[in-house]
Amino acid sequence: MNTFDEKTQLHHASNLTGGTIVSKDKIRHLANDIMQNGRVVYERIIFLTDAVSSEADAPQSSPKSLTLAQERMLLSVRRHGQVALTRLAADLNVTAPSASAMVDRLVEKGLLERTHSKRDRRKVVITATDEALELISAVENRILSFFEELVRKVGIDTACQWSEVLKRVREVLK
């Protein structure tokens, strides 16, 4: 690599790090650490959500067992309150026909309802049932318990730093 390329990379890295000059290799190493450690947390959360959605010793073929995609759909519907299928498909980054098929399955499970919009009777909106809201609450409570235990184990100071870092990451990702 010639000197110009090295200087350009170091300058670019310093812009990303608030003025501290950091090598491309150091940034790559840190990014890999974040990715690997983030994956561990993500996998634990997926395990916890899967455990809640298949609780009561229900087999995977049980009418109430949910896929991760179905759980994401329920969370999206809850966030909106009432949502049109096209908006739901966009939120989940799937086609409208795929979203419609998933909604159909969740309607059959008694977790979603399709109703006509009160503002425009031609439009159909999707809402979560009380049962779905209870299921989501159970998932979130299990995840919150997991994070409470993590806070106890890593200590308040580390948890505060972690929280601040995640707030900053969230700002950057918006």
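What share of the contacts in the chain between residues at least 6 apart in sequence join residues at least 24 apart? The share is 45%, where contact means heavy atoms within 4.5 Å.

This is a predicted model, in which local features need pLDDT of at least 70 and side-chain atom pairs count only at pLDDT 80 or more, while totals for chains, interfaces and linings use all residues. Residues are numbered from 1 along each chain as its sequence is written, and side-chain values use heavy atoms, with hydrogens and water left out.

**Whole chain**

Start with a cartoon view. The chain holds seven helices and three strands. Helices (H or I, at least four residues) and strands (E, at least two) are DSSP runs, numbered from the N terminus. From the N terminus on, the order is α-α-α-β-α-α-β-β-α-α. Now colour by accessibility. Of the 174 residues, 25% count as buried. Buried means under 20% relative accessible area, exposed over 50%, and partly exposed in between, with a 1.4 Å probe and protein chains only.

**Helix α3**

Select residues 68-80, which make up helix α3. At 1.5 Å a residue, its 13 residues should span 18 Å, and the end C-alpha atoms are 19 Å apart, which agrees. The expected span is 1.5 Å times one less than the number of residues. Show the side chains of Q70, E71, M73, L74, S76 and V77: these are the buried residues of α3. Step just past the helix to G81, where phi is positive, at about 85°.

**The sheet**

Next, select the three strands. They form an open sheet in the order β1-β3-β2, with antiparallel pairing. Two strands pair if DSSP finds at least two bridges between them. The edge strands are β1 (83-84) and β2 (112-116), and each pairs on one side only.

Zoom in on β3, residues 124-128. Two bridges join β1 to β3, and the two strands run antiparallel. Pick V83 and look across to I126 in β3, which stands opposite. A84 likewise faces V125 in β3. Then turn to the other partner. Five bridges link β2 with β3, again antiparallel. Here H116 stands opposite V124 in β3. Is β3 mostly covered or mostly uncovered? Mostly covered: four of its five residues are buried.

**The loop at N93**

Move to the loop between α4 (85-92) and α5 (96-108), where N93 is found. N93 is not a glycine, yet its phi is positive, at about 60°. Show the surface there. N93 is exposed, with a relative accessible area of 72%.

**Helix α6**

Select residues 130-154 for α6. The helix has 25 residues and reaches 36 Å from its first C-alpha to its last, close to the 36 Å expected at 1.5 Å a residue. Its buried residues include A132, L135, I136, V139, I143 and F146. An α-helix has 3.6 residues a turn, so residues three or four places apart point the same way.

Stop at R142, also in α6. At 29% relative accessibility, R142 counts as partly exposed. The C-alpha atoms of R142 and I45 are separated by 8.9 Å, although the two residues lie 97 apart along the chain.

**α3 against α6**

Two packed helices are described by the angle between their axes and the distance between the axes. Axes are lines fitted to C-alpha atoms, for helices over the stretch in contact, and angles run from 0 to 180 degrees between N-to-C directions. Display α3 and α6 together. Their axes come within 10 Å and cross at roughly 110°. That makes α3 roughly perpendicular to α6; angles under 35 degrees count as roughly parallel, over 145 as roughly antiparallel, 65 to 115 as roughly perpendicular and the rest as oblique. L74, L75 and R78 of α3 make the contact with A132, L133, L135, I136 and E140 of α6. By class, these residues are six nonpolar, no polar and two charged. Ala, Val, Leu, Ile, Met, Phe, Trp, Tyr, Cys and Pro count as nonpolar, Asp, Glu, Lys and Arg as charged, and the others, Gly among them, as polar.

**α6 against α7**

Finish at the end of α6. Just after the helix, G155 takes a positive phi of about 95°. Select F147, L150, V151 and V154 in α6, which meet I156, T158, A159 and W162 in α7. This contact has seven nonpolar residues, one polar and no charged.
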